[in-house]
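Here is a short note for someone opening this structure for the first time. Please read the points with the model in view.

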Amino acid sequence: MRLLIHATAVGLVLGGLALPAQAAPARAAVKTAYGYAWADGKGSLRIVPMKPAKVRRGGNVLYKLTAIPGAEELKLDYTRAAYSRVTTACNLKETEGRVALDRDGLGRTSCKPAQLTVGLREGAVPLRVEYEDGRAVKAQEFLLNAWPEPVTARGSVKRIDDATVLFSTGGKQLKLGYTYLTSFYRATARCGDRWVSGKPAGVDKRGLGTLPCESADLTKALKVAGRAVQVQVSYTPDANSAVEVWEVARRP
């Protein structure tokens, strides 16, 4: 019987009637996104795709990023991504006047994903990311023509995680990231106190806290508050990076 089946299959092929081949599983197409990357847990980053435009300056290609209306945030695992930096060495924080760029203005110093982790601790990193199935395949730094100028607004913030808040102001909501470089000014007597209630210990004439504290104190205060609280924030648009945060209190 097995010989008969084999002979029949051979006859079909020789007769021009090939048996149907087993279809290979479809593979997701690799996509590309430019934007400001933020740490989003261990080995993961978040990035909102933006529209890139090349700008030539000093013989190098730099980039200008503009928002894409309706663009949705991506969360990508970068633990196996090929990562390249614009610095001449992986362990440099700044370019120190020398850059390593390809003809498209993208970093060409090959580094390991662990180095991207280090960079993300400092705040937003301008990246070009190739990704598929929720994983970054390639991540390349690039230089911005100019960072956006900070703006200041009042509103409320609610904790998302230890490095991110949801800032509500003027009828809109922004997800802002912050790092150890973010300044926090309290209206309480001590940096570790609960969020201000009642008569504040120290505010200026605008009702803003005056006690200099650290970002770790902001994290702790938001955790204890467990709700949206009133603030004034200086932040970098598009990069959505909190530069300074003031606790807002009623004037005494």
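**Notes on pockets, strands and disulfides**

1. Start with the open space. The largest pocket has a volume of about 840 Å³. Keep in mind that this is a predicted model. The lining of the largest pocket takes in 35 residues. Lys93, Glu94, Glu122, Ala124 and Trp147 lie nearest the centre of the pocket.

2. Which elements give two or more residues to the lining of the largest pocket? They are β6, α2 (113-121), β8 (125-132) and β16 (241-247). By residue class, the lining of the largest pocket holds 19 nonpolar, eleven polar and five charged residues.

3. The structure has one cavity of 30 Å³ or more. The largest cavity contains about 50 Å³ of space. Its lining consists of Val157, Val165, Leu176, Tyr178, Leu218, Val233, Ala242 and Val245. The lining of this cavity counts eight nonpolar residues, with no polar and no charged ones.

4. Is β16 mostly covered or mostly open? Mostly covered: five of its seven residues are buried.

5. β16 has a partner in β13 (183-186). The two strands run parallel and are joined by three bridges. Phe184 stands opposite Val245 of β16.

6. Tyr235 faces Ala242 of β16 as its opposite residue. β15 and β16 make a hairpin, with four residues between them. In the turn, Asp238 has a positive phi of about 70°.

7. Turn next to the cysteines. How many disulfides are there? The count is two. With the bonded cysteines of the protein chain numbered in sequence order, the pairing reads 1-2, 3-4.

8. Cys90 is partly exposed, at 23% relative accessibility. Cys111 is buried, at 12% relative accessible area. The cut-off for buried is under 20%, so Cys111 falls inside it.

9. The other bond is between Cys191 and Cys213, whose sulfur atoms lie 2.1 Å apart. Which hand does the disulfide of Cys191 and Cys213 have? It is left-handed, because the torsion about the S-S bond is about -90°. This pair also links distant parts of the chain, 22 residues apart. Cys191 lies in the loop between β13 (183-186) and β14 (211-213), and Cys213 in strand β14. Cys191 counts as partly exposed at 21% relative accessibility. Cys213 counts as buried at 11%.

10. To tie the points together, look again at β13. Strand β13 is joined to β16 by three bridges, and the loop between β13 and β14 holds Cys191.

Technical notes:
Residues are numbered from 1 along each chain as its sequence is written. This is a predicted model: local features need pLDDT of at least 70, side-chain atom pairs count only at pLDDT 80 or more; totals for chains, interfaces and linings use all residues. Side-chain values use heavy atoms; hydrogens and water are left out. A disulfide is a pair of cysteine sulfur atoms within 2.5 Å. Buried means under 20% relative accessible area, exposed over 50%, partly exposed in between (1.4 Å probe, protein chains only). On a 1 Å grid over the protein atoms alone, a cavity is a set of points where a 1.4 Å probe fits but cannot get out, and a pocket is an open set with protein on both sides within 12 Å along at least five of seven lines; lining residues have an atom within 4 Å of a point. Grid points are joined across faces, edges and corners, and a volume is the space filled by probe spheres set on the points. Ala, Val, Leu, Ile, Met, Phe, Trp, Tyr, Cys and Pro count as nonpolar, Asp, Glu, Lys and Arg as charged, and the others, Gly among them, as polar. Two strands pair if DSSP finds at least two bridges between them.
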